[in-house]
Amino acid sequence: MNLINAYLILGIYFMKIVRKVFIVYGIILSIFLLLKFNLSIDFIMGKIDSVRWSREQGAWNINLMPFRTISSQLSLIKSIPAIALKNLVGNIVVFIPFGFLLPMGYEKMRKCHRTLLTGLVYILFIELIQFGCMLGSFDVDDIILNSLGIICGFIAFKIISVSRH
């Protein structure tokens, strides 16, 4: 009986650590997505001015057509592969921990649809802040690629949790 209690206590302690890691990851991810780790006022004001100027010219920095940005990035792979791959793969990779840590730390998130829905809410929140605060654009392709990252992370979580049992 003591061994079972120790195992349960260890499991609860582990989940608490994973939750804290997930929160820190979420904060760092938010800073990265919104400010690209550049916290200087000059950078932020320059970004806002650039987006404001684009909007005054009629370009609203919004893409609602699925796969438009993805296909343009794919067409750049031959000429500028580093930038294209960074944009495509980067949008996937940064969300893999989301799909992995969320179900690991929260039992209710151990269904793919719950993890994906929570991730979609977070992604939409970030996209809307980027657009509304003029820190970037709203791009449906970012949502597609980020969601793919969440799904990859969730699959990794499932593989590891199945292999543990």
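Me: What should I know about the numbering and the model before we start?
Reply: Residues are numbered from 1 along each chain as its sequence is written, and side-chain values use heavy atoms, with hydrogens and water left out. The model is predicted: local features need pLDDT of at least 70, side-chain atom pairs count only at pLDDT 80 or more, and totals for chains, interfaces and linings use all residues.

Me: What makes up the secondary structure of the chain?
Reply: Seven helices and two strands. Both kinds are DSSP runs, numbered from the N terminus: helices are H or I with at least four residues, strands are E with at least two. From the N terminus on, the order is α-α-β-α-α-α-α-β-α. The C-alpha atoms fill a box of roughly 70 × 35 × 25 Å along the principal axes.

Me: Why is Met134 called buried?
Reply: Buried means under 20% relative accessible area, exposed means over 50%, and partly exposed lies in between (1.4 Å probe, protein chains only). Met134 has 17% relative accessibility, so Met134 counts as buried. Across the 165 residues of the chain, 36% count as buried.

Me: What else marks Met134?
Reply: Its phi is positive, about 60°, although Met134 is not a glycine. Most residues other than glycine have a negative phi. Met134 sits in the loop between H6 and strand E2 (138-139).

Me: Where is Phe67, and what is its phi?
Reply: Phe67 is in the loop between strand E1 (62-63) and helix H3 (68-75). Its phi is near 75°, a positive value in a residue other than glycine.

Me: Is Phe67 buried, partly exposed or exposed, and why?
Reply: Its relative accessible area is 49%, so Phe67 is partly exposed.

Me: How do you know that Asp49 and Arg52 form a salt bridge?
Reply: A salt bridge is a side-chain nitrogen of Lys or Arg within 4 Å of a carboxyl oxygen of Asp or Glu. Asp49 and Arg52 are 3.3 Å apart, N to O, so their side chains meet the definition. A search of the whole structure finds one salt bridge. Side chains of opposite charge can pair when their charged atoms come close.

Me: Where do Asp49 and Arg52 lie?
Reply: Both are in helix H2 (residues 41-56). They are three residues apart, about one turn of the helix.

Me: Why are Asp49 and Arg52 called partly exposed?
Reply: Asp49 has 41% relative accessibility, so Asp49 counts as partly exposed. Arg52 has a relative accessible area of 37%, so Arg52 gets that label too.

Me: What makes Lys108, Lys111, Arg114 and Lys158 a patch of positive charge?
Reply: These residues gather on the surface. Lys and Arg count as positive, Asp and Glu as negative; His and the chain ends are not counted. Patch members have over 30% relative accessible area and no salt bridge; like charges are joined within 9 Å, and nonpolar side chains (Val, Leu, Ile, Met, Phe, Trp, Tyr) within 5 Å. Lys111 sits in the loop between H5 and helix H6 (112-132).

Me: Which residues form a nonpolar patch?
Reply: Leu10, Tyr13, Ile17 and Val21, on the surface. Together they have about 390 Å² of accessible area. Accessible areas come from the Shrake-Rupley method with a 1.4 Å probe; for residues, only the protein chains shown count as cover. Val21 is in helix H1 (residues 2-35). At 41% relative accessibility, Val21 counts as partly exposed.

Me: What does Ile96 touch, and how is contact defined?
Reply: Contact means heavy atoms within 4.5 Å. Leaving aside neighbours within four places in sequence, Ile96 is in contact with Gly149, Cys152 and Gly153. Ile96 is in helix H5.

Me: Where is Pro97, and which residues does Pro97 touch?
Reply: Pro97 is in helix H5 (residues 96-105). Not counting residues up to four places away in sequence, Pro97 touches Tyr25 and Leu102.

Me: Why are Ile96 and Pro97 called partly exposed?
Reply: Ile96 has a relative accessible area of 29%, so Ile96 is partly exposed. Pro97 has 28% relative accessibility, so Pro97 counts as partly exposed.

Me: Why is Leu85 called partly exposed?
Reply: Its relative accessible area is 41%, so Leu85 is partly exposed. Leu85 lies in helix H4 (residues 81-93).

Definitions and conventions: Charge placed at Lys NZ, Arg CZ, Asp CG, Glu CD.
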